[in-house]
Amino acid sequence: RAPADETPLDWRTIAVVQMFSMLSIAGTTALFSTAYFAARALRPEASEASRALVAGALTATKPLASGVSSLAWGRLGDARGFERAICASGVAHAIATAAFAMARTTSGAFAARACQGLADGMVVMQKPALALVSDETNVARAFATTGVAYGVASALAPALAAALSEPCENWKAFEGERGARCPTFLRRRPFFLSNIWIAALAAPTLMAYARGWMQIDKHRNRDDVEVVVELELLPDASEDDAAAETTAVDADAAAATKKAVESIENEVVWWRVVNVRAAIASQVGCTAVVLCGAEMTPLWMATSVANGGLGWTSLEIGAFGTVMGCVILLFQVFLFTRLCRAYGIVTLLTYALLVNAVAFPLHPIAHVAAKKSKAWTWVAVVCLGLARGMSGPIIMGGSSLILNNASPRDTLGAVNGFSGTFGNAARGVAPLIGGSLVAMMVAMKPGTPGRDVWPFVVIGFGFVSLTVLSRRLSLDLNKPRRPRRTSSRSDFSAQP
């Protein structure tokens with residue numbers, strides 16, 4: 001229940017913003033479960049190693065391409081309004097997703113996937129949109145919805161994509177002599193259905209926008225602080241030197257004064273603000289390290305016990321992912337906002353990073369348990385998963401909240417776009433780094449000291465570095481930066 005002093009949120013606007021965001025997340029994560037099989041369909045003659053390379057490249061292409069266009073989308077939102085910019089991104093992303101679903105060649109798939117990334121500015125503009133519709137009393141509650149949106153989309157998209165992939169081979173309706181004949185269109189495009197549903201979901205989202213259910217830009221000047229400009233007028237030369245006269249300032253002079261003051265204020269650009277630079281470094285670093293650990297974990301779980309892993313099946317890894325997803329969702333819904341109000345997001349971020357710095361080097365305990373008991377392995381993994389699942393939303397959502405608290409209100413899009421450029425690059429590189437750490441562990445000789453420990457120590461060192469960096473963040477970033485506006489006011493009092 002919201003406290004009495006909390007400003008009510010525009011939940012309809014937040015819901016539509018998150019619907020657009022979920023289209024982006026679904027477009028990215030739907031390929032997680034089908035990438036290898038899509039690569040096999042595109043290149044049936046290729047080796048397993050080649051297919052794995054193509055699958056990884058397809059997965060990474062979209063976030064890397066998004067990094068190229070993030071700043072442009074952010075600036076477009078600042079200049080033209082976030083409502084129209086988010087809508088334009090949603091339409092372009094739906095078209096690119098449909099093209100990817102229709103692709104029949106490797107080059108065509110990569111081109112469409114890159115277009116998906118270039119068209120995707122929805123997540124980049126989601127955060128400034130939430131910052132604009134909230135204030136210091138409810139900003140944590142608004143940003144808590146990002147974790148809910150990501151959890152729902154990232155959990156459902158891979159499962160639904162897998163269920164709709166390769167229908168001619170996987171659906172019972174097309175099996176046996178009595179089964180229906182699979183359409184030629186689907187036989188030639190076995191992953192059409194697993195991707196086209198994402199493009200189709202854009203229709204109700206765009207309809208909600210068309211009905212005026214996403215009102216972002218009207219909040220831009222809601223809490224503007226008035227700056228009074230006083231004009232001192234020179235005495236008239238025809239009067240006595242000791243006499244002074246104050247005249248009323250007409251509308252044209254007031255407008256000119258307002259423009260002049262605004263131009264002076266705008267000379268202080270966002271990239272020169274110390275808090276903004278620190279917040280960008282914190283968010284990009286958190287994204288890179290968290291995703292490297294997230295990408296490495298399932299690979300480590302699938303690695304055999306003899307090579308330092310757990311030897312789990314895909315079903316067991318999926319079950320662990322479900323546990324993590326439930327923990328993240330419950331934490332976002334019930335605890336995130338309360339903890340932010342009680343301790344402040346800057347302090348929470350430091351403690352969350354410290355928890356991960358301790359938890360990751362403890363993961364090899366599960367490997368030791370795997371040599372003796374499956375049950376104790378699950379106990380160790382679930383305990384570590386609880387620590388990561390409850391601290392992860394603070395790190396990812398909190399670093400975004402801090403960035404938007406630091407940003408000037410009129411450049412929210414540019415700041416998030418600039419940070420998104422490097423954040424999306426980290427998303428593209430993270431699978432390569434996580435895979436490399438596991439591969440190097442497997443390549444070591446069995447008797448190598450610390451063979452099953454050092455990959456997690458590397459990730460833990462990354463969290464230690466981020467913990468130190470977070471201590472340099474100002475406590476002022478617990479609250480949003482107040483918007484600024486200039487205006488002129490006339491003094492109509494007369495001097496005798």
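Of the chain's 496 residues, 47% count as buried, meaning under 20% relative accessible area, with exposed over 50% and partly exposed in between (1.4 Å probe, protein chains only). This is a predicted model: local features need pLDDT of at least 70, side-chain atom pairs count only at pLDDT 80 or more, and totals for chains, interfaces and linings use all residues. Residues are numbered from 1 along each chain as its sequence is written, and side-chain values use heavy atoms, without hydrogens or water.

The chain has 20 helices and 2 strands. These are DSSP runs numbered from the N terminus: helices are H or I with at least four residues, strands E with at least two. Among contacts (heavy atoms within 4.5 Å) between residues at least 6 apart in sequence, 82% join residues at least 24 apart.

Start inside. Thr 350 lies in helix H16, residues 345–359. Thr 350 counts as buried because its relative accessibility is 9%. Leaving out residues up to four places away in sequence, Thr 350 touches Thr 467, Ser 470 and Arg 471.

Now the surface. Leu 330, Val 333, Phe 334, Leu 335, Leu 386 and Met 390 form a nonpolar patch there, with about 550 Å² of accessible area together. Areas come from the Shrake-Rupley method with a 1.4 Å probe; for residues, only the protein chains shown count as cover. Patch residues have over 30% relative accessible area and no salt bridge, and nonpolar side chains (Val, Leu, Ile, Met, Phe, Trp, Tyr) are joined within 5 Å. A salt bridge puts a side-chain nitrogen of Lys or Arg within 4 Å of a carboxyl oxygen of Asp or Glu.

Helices H14 (314–334) and H18 (374–406) each supply at least two patch residues. H14 gives the largest share, 3 residues. Val 333 is found in H14. Val 333 counts as exposed because its relative accessibility is 52%.

Notes. Patch = residues over 30% accessible without salt bridge, like charges linked within 9 Å, V, L, I, M, F, W, Y side chains within 5 Å.
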